[in-house]
Amino acid sequence: MGFYVAQFLTGWADASGLFMVAVGLTLIFGVMRIVNFAHGSFYMVGAYTAYYLIAWLPSDGVSFWIGVLLAALIVGIIGVIVEMLLLRRLYHAPELFLLMGTFGIILIIQDLSRWLFGAEDLLGPRCPGLDGSVWIMGSLMPQYDLALIVAALLILGAIWMVLNRTRWGVLVRAATEDREMLSALGVNQGRLFTGVFFLGSFLTGLGGALQLPKGGADLLMDLNVIASAFVVVVVGGMGSIPGAYLAALIISELTAFGILVLPQSTLVMMFLVMAVVLVIRPYGLFGKAELAPHEPAGESGAVLKPASVRLKWLGAALVLGIILAPLFAGDFQLVLLIEIAILALASMSLYFMMGPGGMVSFGHAAFFGGGAYAAALMVYHLQTPMELALLLTPLAVGLLALIIGWFCVRLSGVYLAMLTLAFAQICWSIVFQWEEFTGGDDGILSIWPSDWAESRIVFYYLTMVLCTGGILAMRHLLFTPFGYTMRACRDSALRSASIGIYQKRHQWFAFAVAGAFAGLAGGIYVFSKGSVFPDEMAISRSFDFLLMVLLGGVETLSGPIAGAAAFTWLHDQISRFEFWQLVLGCIFIILVVAFPQGIAGFFSSKTERYFSEPTDE
Amino acid sequence: MSKVLKVRNLTKSFGGVCAVDDVSFDLEKGRLLAMIGPNGAGKTTCFNLINGQLKPDRGSIVIMGKQIAGFKPHRVWQLGVGRTFQITATFASMSVLENVQMARLSFHRRTLSIFQKVRNLYVDESMELLKLVGIEKQRDHACGVLAYGDLKRVELAMALANDPRLLLMDEPTAGMGPAERSRLMEQISGIVQTRNIGVLFTEHDMDVVFTHAHRIIVLNHGKLVAEGTPQEVHANAQVQEIYLGAAETARLEKR
């Protein structure tokens, strides 16, 4: 009995930590409708800042607490700076550009932290007075765990007081319900947003600082914590603070007890909970359906025009360039071109889903990595020849996408995106933890092409044929009834239904098609690299694809290709700097502020007249 | 069978509010039935029930002899129901022609085709529909940039694209000038009579209603309070009281 109580308390302490990260995120989303990916970075900064402050302050009983509070305050101020300098400029840009801006912040904070705080993992200081353990019903419980439970409850209570007992809190709640009405009533929205962003950042900084004695500080915290924080927010219902608490509690308790039954389930558990909850309650435990569904990724949705004669010439020139490239390019450039082609195919498949399909995926790496693993496993376990593996991989991943898509298409917007992220994490956890079958962290090695394709040049041509073929096939699909129906579902669910289109089913198919093509890209990728590791399925991989699509612009068919090329080239150019992520982050931020339509979108708006057919009106 | 739509004891409440309360009526082929009533009377809810967007709490809806209980909108559409919305819903990223082509594609069950390009599919049929509603000149304009009155016409063309037996039109002339209103209603009357379609429509413009409807039903607080020919409804004291208001009643009495 005592053991179960202790297990329950441990779960509750974990829940308290989770809640402290998630609460700021849900608050910010509820009021500002911003999915702040940089939230995890603020959490990390909170932990590091507190570590150094506590070390610097004279060590007596209160210095720990002063350090924690000061760190939270500093993070809050950083939040305000980010909001005022960057996010504020993007409120009127499409939602995805805000996301990309926050990606940029992740990269910048990542490198700045490495520079300022060092690359070593830091062991957190103990909290004076709470560093012992107490016996509870025959089990030993760390005092600090109990303190965390109390702290989270205090925070929950304090937020409740602020939201329900102060004028500012009433405004925040009103903004959560209806932003436009609030600004129509004369409330200064800008100041309210800055305030909310401060509070949200302060809370996550506090969370990061408070978990120091338990987890310390390291440079991987930001991405590690962000996935869990999102799961909590989505399960609780985006914008709901009690929901976040309850969700954190459910998830942590299930993990705490799940580990007793199935020790290997730890990583999967959280995401399984999320998938189950979202299928039963699509908007989370306490969430409400969005009153006005937000605009899909395609925003204004330019009319799709067939390639003009000039555009066809440009395409032909590109193909010619691809054919002739081996004459001029060295081995290294060929490797780079192969990578660009593979990533272009993968990001085209993401674009296919996001742009015309209107379904933003935060977990596209599940399909890319899924393809890589499908091919690698076939070769490793069954000695499948490359040709057959490349043929079967898209089918296998298409099937995977059908399964994942069945859940995802029930939702839309941010919820759909979060569910794709959850499924990608499930796939990643399986690959990571099922060592006997997938090699776990060590990956699968020695997956090489068949003999005839072994030479670099032959493999180059093979890649180009498959990738160009895949990209053109998707492009073709967009002009067929299938693609038009996808856009119809995106443009207006209401109208689609009333002309007899079964929207969910069609989106489901589109989801699977996109997955299959991403799988093909992954399959080729594994043969080009010769090995595969769980990283190919990780969140950061999904982010890469999102960045490529956003970099290229979601409104242009050529976007994904330009985006993949730009991303790979940039990556190659700046990865020789020590702090290349910092540079990359700055570039992204400049790009979203200066070219909100993406690179290809920018150029196509400049050159549209040149490349469009003359119309006789 | 001449009845395209039979509604019996239809009831739907939201929370404590009974939006549609025990409503029954019929609609025959080739006839225009107007549903009128003040704002919040339950007209749009009624439409959404008939078109499958909402599930009724009680009552039955029979379209072309088929019970539609539990049908989703796309199944209702398969029975031959076209719908236009109070706030227009079209595909903003497509041209006017493509919008109608899309509806035609769905009618021909070609939404999963992956070989032919849309550009060459059902162009003539779709142009016919555009001509029918009088917007063939706008064929290449994107729906996202169209004037509201034109959007209403695009919707009408799309609603007609599945050769419907029943047309549900929620304020077909909202946002149009008086001249355009009567022109559009003339056209609609002509179309439905030659094609033998039953029309259920709502409208705030009483001139339109009394000129074009064959029969009128009046809703108030979700209840059916009157039904009859325009003359009968016109003469109904209760309708004048609750719907037209005192001033209007006085004006009518002077006539």
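# A tour of chains A and B

Begin on chain A by selecting A:Val319, A:Leu320, A:Ile323, A:Leu324, A:Leu327, A:Phe328, A:Ile457 and A:Tyr461, which form a nonpolar patch on the surface with about 790 Å² of accessible area together. Patch residues have over 30% relative accessible area and no salt bridge, with nonpolar side chains (Val, Leu, Ile, Met, Phe, Trp, Tyr) joined within 5 Å; accessible areas come from the Shrake-Rupley method with a 1.4 Å probe, only the protein chains shown counting as cover for residues. This is a predicted model, in which local features need pLDDT of at least 70, side-chain atom pairs count only at pLDDT 80 or more, and totals for chains, interfaces and linings use all residues. Residues are numbered from 1 along each chain as its sequence is written, chains are lettered from A in the order in which they are written, and side-chain values use heavy atoms, without hydrogens and water.

Colour helix 13 (309–328) and helix 19 (456–479) of chain A next: each supplies at least two residues of the patch. Helix 13 gives the most, six residues, and A:Leu320 lies in helix 13. Helices here (H or I, at least four residues) and strands (E, at least two) are DSSP runs, numbered from the N terminus.

Now show both chains. In contact (heavy atoms within 4.5 Å) are 36 residues of chain B and 31 residues of chain A. The two chains bury about 2,700 Å² between them, 65% of it on carbon and sulfur atoms; buried area is the accessible area (1.4 Å probe) that two parts lose on being put together, summed over both. Select B:His74, B:Phe91 and B:Ser93, which supply 21% of the area that chain B buries against chain A, more than any other three residues.

Finally, select A:Arg495 and B:Glu155. Their side chains meet in a salt bridge, 2.6 Å from N to O. The pair crosses from helix 21 (residues 493–498) of chain A to helix 5 of chain B. A salt bridge is a side-chain nitrogen of Lys or Arg within 4 Å of a carboxyl oxygen of Asp or Glu.

Key. Patch = residues over 30% accessible without salt bridge, like charges linked within 9 Å, V, L, I, M, F, W, Y side chains within 5 Å.
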